[in-house]
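Have the structure open as you read.

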Amino acid sequence: MDYAILSGGSRPLVILPGMSLKSVLQSAEAVAGQYKPLAGDYTIYIPDRRKYFPETYSVSEMAGDTAVLLEALGIGNACIFGVSQGAMMAMELAVRHPSLVGCLAVCSTYPRPSDRGRQVMDEWIRLCDEGDPKALNMDIYRRVFSPAFFKRYENALERMSEEQVSAEEMRRYRIMAVATEEFDIYDDLTGIKCPVYVSGVEDDTVLGGDGTLEIAGRLHCTPVVIPGRGHCFFDEDPGFPYKLKAFFDNN
């Protein structure tokens, strides 16, 4: 597994991104800029998924591989921030490897499959099987961003969708989509004992709108539900890193 290390604060912060056709390390510089408000107080680690995917690779196995990496780096009691599938991995870490997790922030995710999530993952699996990366990219962009954000940046997103994608990258994405469709940690959520920040949008067009409320209900915490944004609301809202920092600073 490759990983990036950003800034040099005293507390470890691990960011677990969602599904991506490309290595998350290609966007590490953008992440560094986006989460600059945390740079002074936190050393930010961004693990990629493992380089070589087996034919089946569950979210639990992804989290297990990440745990091995964090332990090898000497990281414990860290602030963990996961989004979408990365949030699923983060919840797995908090349940299965609690010594690694001091506090947890999860965004735009679910604890078990939803009808919407299955529908979207099935569509992305179909596009992977058809070998059409541009159509897949554009479908991803339309679903993860709010209509207003997509319209504003549509030309740039169109250009990004034309980036060359290999057959192996499509295979990996398909495996991640299957893992998301099969993920279920609902019954085990009560095993999470650390402080948790749960946020999502009212109408998540990728995973459905109930995941945020389900997680918060199982953990008896107050959910943050954001209106008018897309699945990737954290990319649309420039104030989000400050909210995240406030939670981590106080825990």
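## H4 against H8

H4 and H8 cross in a left-handed way (the near helix is turned anticlockwise from the far one by less than a right angle; clockwise would be right-handed). H4 covers residues 115-130 and H8 covers residues 167-182, and the two pack at about 160° with axes 9 Å apart. That makes H4 roughly antiparallel to H8, a label for angles over 145 degrees. Helices here are DSSP runs (H or I, at least four residues) numbered from the N terminus, and axes are lines fitted to C-alpha atoms over the stretch in contact, with angles from 0 to 180 degrees between N-to-C directions.

Who touches whom? On the H4 side the contact includes Arg118, Met121 and Trp124, and on the H8 side it includes Met170, Tyr173 and Arg174; contact means heavy atoms within 4.5 Å. By class, that contact has nine nonpolar, one polar and five charged residues (Ala, Val, Leu, Ile, Met, Phe, Trp, Tyr, Cys and Pro count as nonpolar, Asp, Glu, Lys and Arg as charged, the others, Gly among them, as polar).

## About the model

Keep in mind that this is a predicted model: local features need pLDDT of at least 70 and side-chain atom pairs pLDDT 80 or more, while totals for chains, interfaces and linings use all residues. Residues are numbered from 1 along each chain as its sequence is written, and side-chain values use heavy atoms, with hydrogens and water left out.

## H5 against H7

H5 (residues 133-144) packs on H7 (residues 154-161) at about 145°, with the axes 9 Å apart. This crossing is right-handed. Lys134, Asn137, Met138 and Tyr141 of H5 meet Leu157, Glu158, Met160 and Ser161 of H7, which splits into four nonpolar, two polar and two charged residues.

## The pockets

The largest pocket holds about 1,300 Å³ of space (a pocket is an open set of points on a 1 Å grid where a 1.4 Å probe fits, with protein on both sides within 12 Å along at least five of seven lines; lining residues have an atom within 4 Å of a point). Its volume is the space filled by probe spheres set on the points. Of its 47 lining residues, Ser20, Ser27, Phe145, Cys232 and Asp235 lie nearest the centre. The lining is 30 nonpolar, 12 polar and five charged, and H5 gives the most, with four residues.

The second largest pocket has about 240 Å³ and 16 lining residues. H8 turns up again here, giving the most to this lining with six residues.

Note on methods:
Angles under 35 degrees count as roughly parallel, over 145 as roughly antiparallel, 65 to 115 as roughly perpendicular and the rest as oblique.
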